[in-house]
Amino acid sequence: MRSSEQIERCEINGERYYKVTRADQEPLVLPSVTTVLGVIDKGLAPWAARVAVEHLAKNLPVGQVLTPAVLRKEAAIARTRYLGIAEEAALAGTQAHEAVEHFLCTGKVPQLPNALPGVASCVERFAEWWASQKLTVLATELPIYWVDADGKGFAGTLDILAESEDGTTVVLDLKSSKTTASLDSWRMQAACYAVGVSYRLSVPRPNRIVIVNVPRSGTGVKTFTLSEQEIDTHFRLFLHVLQLHYSLRSRDGREPSRIAAR
């Protein structure tokens with residue numbers, strides 16, 4: 001691991017960043033992987049549109065004259081509903097991640113009396129899947145980062161770093177989505193975690209990645225494995241998105257790529 005470094009989450013302009021403090025070097029503020037991918041991730045757009053259409057179909061009376069004022073009012077209500085659903089999904093994801101971390105650290109599935117619907121089932125199904133994999137946990141919720149020669153890069157928090165029976169290091173990225181519309185972004189995100197682990201820990205890059213999706217609704221577990229070649233491909237794709245992110249934030253005067261220690 002790179003010596004004397006601290007990695008802290010922070011929020012800037014409503015987006016997630018990480019402040020990386022290293023000994024005898026200027027601190028860095030790096031965008032999170034998900035913040036970067038937000039530039040192109042259109043997986044949520046159809047969902048938002050569907051929520052809006054469902055709201056309008058349910059709440060507009062038959063024969064209602066659709067004046068601009070009516071449309072603006074109903075659109076605002078629909079947006080509020082969408083944001084509420086998105087916030088609930090984010091909270092459920094957080095609860096599931098915390099419960100999975102507890103399970104991996106203790107070997108026991110926690111009781112979740114106050115969790116949102118479906119979270120307990122999600123964790124139980126993950127535990128059953130995990131028992132079949134014969135993996136050993138190396139780290140959970142591990143902060144990682146990567147920077148280029150210009151001090152631009154990304155950071156994030158890796159869900160699970162594990163080791164298989166044959167000694168292979170495995171990156172596991174946990175999802176709890178009922179749709180795989182953002183699968184391409186998931187693959188880029190996971191590839192970044194593998195590169196970030198290598199950079200931060202000064203170890204060879206893990207060449208096995210498994211995205212584990214355990215939706216709150218439904219049954220079973222879906223996994224998506226990236227080969228070494230797919231990791232290379234998706235990381236190269238991500239670098240293009242990263243460049244776009246920096247260009248857009250620079251244009252808007254919103255990119256805190258470097259800051260002084262505070």
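Mentor: Start with strand β7, residues 208-213. Five of its six residues are buried, so β7 is largely enclosed by the rest of the structure. Buried means under 20% relative accessible area, exposed means over 50%, and partly exposed lies in between, with a 1.4 Å probe and protein chains only. Strands here are DSSP runs of E with at least two residues, helices are runs of H or I with at least four, and both are numbered from the N terminus.

A word on the source. This is a predicted model, in which local features need pLDDT of at least 70, side-chain atom pairs count only at pLDDT 80 or more, and totals for chains, interfaces and linings use all residues. Residues are numbered from 1 along each chain as its sequence is written, and side-chain values use heavy atoms, with hydrogens and water left out.

Now the partners of β7. Two strands pair if DSSP finds at least two bridges between them. Strand β6, residues 169-175, runs parallel to β7, and six bridges join them. V171 faces I209 of β7 across that pairing. The chain goes from β6 through α5 to β7, a right-handed β-α-β crossover. Right-handed means that, with the strands pointing away from the viewer, the path from the first strand over the helix to the second runs clockwise. Strand β8, residues 222-226, is antiparallel to β7, with five bridges between them. There, V210 has T225 in β8 as its bridge partner. In general, strands of a sheet pair through backbone hydrogen bonds, either parallel or antiparallel.

Next, the helix of that crossover. Helix α5 covers residues 183-201, which makes 19 residues. The expected span is 1.5 Å times one less than the number of residues. That gives 27 Å for α5, and its end C-alpha atoms are 27 Å apart, so the two agree. The helix is mostly covered, with 16 of its 19 residues buried.

S202 follows α5. It sits in the loop between α5 and β7. Most residues other than glycine have a negative phi. S202 counts as exposed because its relative accessible area is 53%. K134 also has a positive phi near 55 degrees and is not glycine. K134 lies in the loop between α4 (119-131) and β4 (136-147). At 55% relative accessibility, K134 is exposed.

Move on to the aromatic rings. Rings of Phe, Tyr and Trp (its six-membered ring) pair if their centres lie within 6.5 Å; planes under 30 degrees apart are stacked, over 60 edge-to-face, and the rest tilted. The whole structure has eight such pairs. W146 and F154 have ring centres 5.7 Å apart and planes at 20 degrees, so they are stacked. Both W146 and F154 are buried. F154 also pairs with F238: centres 5.3 Å apart, planes at 80 degrees, so edge-to-face. That pair links distant parts of the chain, since F154 is in strand β5 (residues 153-163) and F238 in helix α6 (residues 228-252), 84 residues apart. F154 has 0% relative accessibility and counts as buried. F238 also has 0% and is buried. Elsewhere, F103, F126, W129 and W130 form one aromatic cluster.

An open sheet of three strands has the order β1-β2-β3, with antiparallel pairing. β1 (5-12) and β3 (28-31) stand at the edges with a single partner strand each, so one side of each has no neighbour in the sheet. Neighbouring strands of this sheet are turned by 30 degrees against each other on average, direction ignored. Those axes are lines fitted to C-alpha atoms, for helices over the stretch in contact, and angles run from 0 to 180 degrees between N-to-C directions. Strand β2, residues 15-22, is joined to β3 by four bridges. Y18 stands opposite L30 of β3.

Two cysteines are worth a check. C10 is partly exposed at 27% relative accessibility. C122 is buried at 1%. The structure holds zero disulfides, a disulfide being a pair of cysteine sulfur atoms within 2.5 Å.

The protein has six helices and eight strands. Along the sequence the pattern is β-β-β-α-α-α-α-β-β-β-α-β-β-α. Of its 262 residues, 42% count as buried.
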